[in-house]
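Please look through the sequence and the model shown below before reading on.

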Amino acid sequence: MGIDLSRFKVIHGDKVLNAVALMEVRMPEGMNWNDRKTTEKPKIIEVLAINEDGNLVSIMDEAWTFQFLPIISN
């Protein structure tokens with residue numbers, strides 16, 4: 001299983017979904033792991049989420065197309 005994201009909503013395109021997990025992360029091609037910036041953005045990510053129908057869906061796309069918002073509860 002991937003990294004737990006159940007405390008987040010994920011926005012992708014025009015949809016706001018309940019995130020479940022981050023399953024895969026692909027870093028940019030040719031990145032030098034020994035000599036790199038402190039912070040590097042992934043190229044591609046895969047997120048499991050619950051859609052409007054209550055079904056589990058996998059969304060794989062470029063990382064910049066996703067936005068994550070924490071779920072705030074009282």
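Predicted model: local features only at pLDDT ≥ 70, side-chain atom pairs only at ≥ 80, totals over all residues.

A polar contact is a pair of N or O atoms within 3.5 Å, where, within protein, one atom must be able to donate a hydrogen and the other to accept it, and where residues adjacent in sequence count only if both atoms are side-chain atoms. By this rule the side chain of Thr65 makes a polar contact with the side chain of Asp61, at 3.4 Å. Thr65 itself is found in the loop between β5 (56-62) and β6, and, when its neighbours within four places in sequence are left aside, Thr65 is in contact with Ile11, His12 and Gly13; contact here means heavy atoms within 4.5 Å.

Residues are numbered from 1 along each chain as its sequence is written, and side-chain values use heavy atoms, with hydrogens and water left out.

The protein chain has 0 helices and 6 strands, where helices (H or I, at least four residues) and strands (E, at least two) are DSSP runs numbered from the N terminus. The C-alpha atoms of the protein chain fill a box of roughly 45 × 25 × 25 Å, taken along the principal axes. Among contacts in the protein chain between residues at least 6 apart in sequence, 40% join residues at least 24 apart.

How do the strands come together? Two strands pair if DSSP finds at least two bridges between them. Strand β2 (residues 8-12) pairs with strand β6 (residues 66-70) in the antiparallel sense over 5 bridges, and Phe8 has Pro70 in β6 as its bridge partner. β2 also pairs with strand β3 (residues 15-26), again in the antiparallel sense, over 4 bridges, with His12 standing opposite Lys15 in β3. The hairpin of β2 and β3 has 2 residues between the strands, and in this hairpin Gly13 takes a positive phi near 65°.

A nonpolar core is a set of buried Ala, Val, Leu, Ile, Met, Phe, Trp, Tyr and Cys residues joined through side-chain atoms within 4.5 Å. The largest nonpolar core has 11 residues in all, among them Leu5, Val10, Leu17, Ala49 and Phe66. The elements that give two or more residues to this core are β3 and β4 (44-50). In soluble globular proteins, nonpolar side chains tend to be buried together. With its neighbours within four places in sequence left aside, Ala49 is in contact with residues including Val10, Leu17, Ala19 and Val57.

The structure holds 1 salt bridge, a term for a side-chain nitrogen of Lys or Arg within 4 Å of a carboxyl oxygen of Asp or Glu. Glu24 forms a salt bridge with Arg26, and the closest N and O atoms are 2.7 Å apart. Glu24 is partly exposed at a relative accessible area of 28%, and Arg26 is partly exposed at 40%.

Finally, Ile72 lies in the segment after β6 and counts as exposed, at 72% relative accessibility. The C-alpha atoms of Ile72 and Arg7 are separated by 8.3 Å, although these residues are 65 residues apart along the chain.

How values were computed:
Buried < 20%, exposed > 50% of the residue type's maximum accessible area, 1.4 Å probe, protein only.
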